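Work through the exercises below with the sequence and the model open. Try each task before reading its solution.

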Amino acid sequence: MAVVTRTVAEDEAGMRLDRWFKVHYPDLSFGHLQKLVRTGQVRVDGGRVKTSSRVEPGQSVRVPPLGADEPEAAPVPAKGARNGEAGKEGAPESGATPPSNPSAKPRAAKDPALRKLEEDRAFLKSITLFEDKDVMVLNKPFGLAVQGGSGTYRHVDGLLEALKDRDGQKPRLVHRIDKDTSGCLLIAKSRLAASVLAKSFRSREARKVYWAVVPGVPKPRQGRISTYLARDEDEEKMRVARHGEDEASHAITYYAVVDQAAQKMSWLSLKPVTGRTHQLRAHLAHIHHPILGDPKYFDIENWELPRGLQNRLHLLARRLVIPHPRGQGVIDVSAPLPQHMAQTFAVLGFDASQYDPILEAPEA
């Protein structure tokens, strides 16, 4: 059996990883699965996991060769799988049949570094929303950092090493979004594209729309937040600052309430005019409607998370509209809700297909 990647189905939400393997590979023993997980051969969305980890719809599960010491574990096809989709299995190895040529040497194991590059390429392909010869737009998942830092070893910038061209040049980040923010992330595949796209961001030709879920209902329902932001003393968050204060930068955000669940929760659409660090998170906390699940800015005392909602940052880089770097029209890409926000929308009765009033907000 070759390495395969399978996609978690909708009806497998919240299933433990060991249970997921039991469903799809009923002949695989728990002990052998533990070994595969412990040695990092089984991965979910490219990251290490435990047998007790829970999977969510849309996640990719890496299934390694199950080994000659294990009875043949025939994969069970995922529900709803179609030809050509992720989750399609290759033919299992026969294992018991000796090679026809007794002198034939066994094929050497693939170099680990090469295998990692192939896995990283496959992962990036699985989260690509748009791609041509100049540009990629990725659907960055929750929890994946854009760049490395202290204690951060897996990040988008590092994964892009797998896409180096013959000249050793890799695609370049054009902008950044926070580790726990999901959604559209623009990547330039050439120096020309990187230069032109960066100018589009600086000149504010790029239009970005974010979605967030917050407690309460902002008043007015549509508005403009304009403050100065500076890094807090602990340097882990931003704070509202005074005009003229050292290192304070002007930040402007337009917001609109798309829908609400009574007076308890709101779905907001946001259009940042500027691109300051943590701008949306700091601005919404400033108007006393911090983003649900925000570990840095959510400061409402004695507030309890409603049942059925996950305590994860509810912020999605929903849409990106930017001129193509070669003048070939406009790139307009939208990202789907991440699993935890989709769950919240379902619980609160929000319909993601509703008209988004932020589209009428000014561009400056």
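This is a predicted model: local features need pLDDT of at least 70, side-chain atom pairs count only at pLDDT 80 or more; totals for chains, interfaces and linings use all residues.

Residues are numbered from 1 along each chain as its sequence is written, and side-chain values use heavy atoms, with hydrogens and water left out.

**Exercise 1.** Describe how strands S14 and S15 are joined, and sort the side chains of S15 by face.

Solution. Step 1: locate the strands, S14 at residues 315-323 and S15 at residues 330-334. Strands are DSSP runs (E, at least two residues), numbered from the N terminus. Step 2: find the pairing. Two strands pair if DSSP finds at least two bridges between them; S14 and S15 run antiparallel and are joined by five bridges. Pro-323 stands opposite Val-330. Step 3: look at the turn. Six residues lie between the strands of this hairpin, and Gly-327 has a positive phi near 75°. Step 4: sort the side chains. In a regular strand they alternate between the two faces of the sheet.

**Exercise 2.** Which residues touch the most other members of the largest nonpolar core?

Solution. Step 1: apply the definition, a set of buried Ala, Val, Leu, Ile, Met, Phe, Trp, Tyr and Cys residues joined through side-chain atoms within 4.5 Å. Step 2: read off the result. The core has 36 residues, and Leu-186 and Leu-197 touch the most other members. Strand S12 (residues 249-261) gives the most to this core, with five residues.

**Exercise 3.** Describe the ring pairs formed by Trp-211 with Trp-267 and by Phe-345 with Phe-350.

Solution. Step 1: rings of Phe, Tyr and Trp (its six-membered ring) pair if their centres lie within 6.5 Å; planes under 30 degrees apart count as stacked, over 60 as edge-to-face and the rest as tilted. Step 2: Trp-211 and Trp-267 are 4.9 Å apart centre to centre, with 70° between the planes, so the pair is edge-to-face. Step 3: Phe-345 and Phe-350 are also edge-to-face, at 5.4 Å and 85°. Step 4: ring pairs link these four residues, Trp-211, Trp-267, Phe-345 and Phe-350, into a cluster.

**Exercise 4.** Where does the charged end of Lys-237 sit?

Solution. Step 1: a charge sits over a ring if NZ of Lys or CZ of Arg is within 6 Å of the ring centre and within 35 degrees of the ring normal. Step 2: Lys-237 sits over the ring of Tyr-297, 5.0 Å from its centre. Arg-154 lies over the face of Phe-123, at 4.8 Å from the ring centre.

Note on methods:
Buried means under 20% relative accessible area, exposed over 50%, partly exposed in between (1.4 Å probe, protein chains only). Helices (H or I, at least four residues) and strands (E, at least two) are DSSP runs, numbered from the N terminus.
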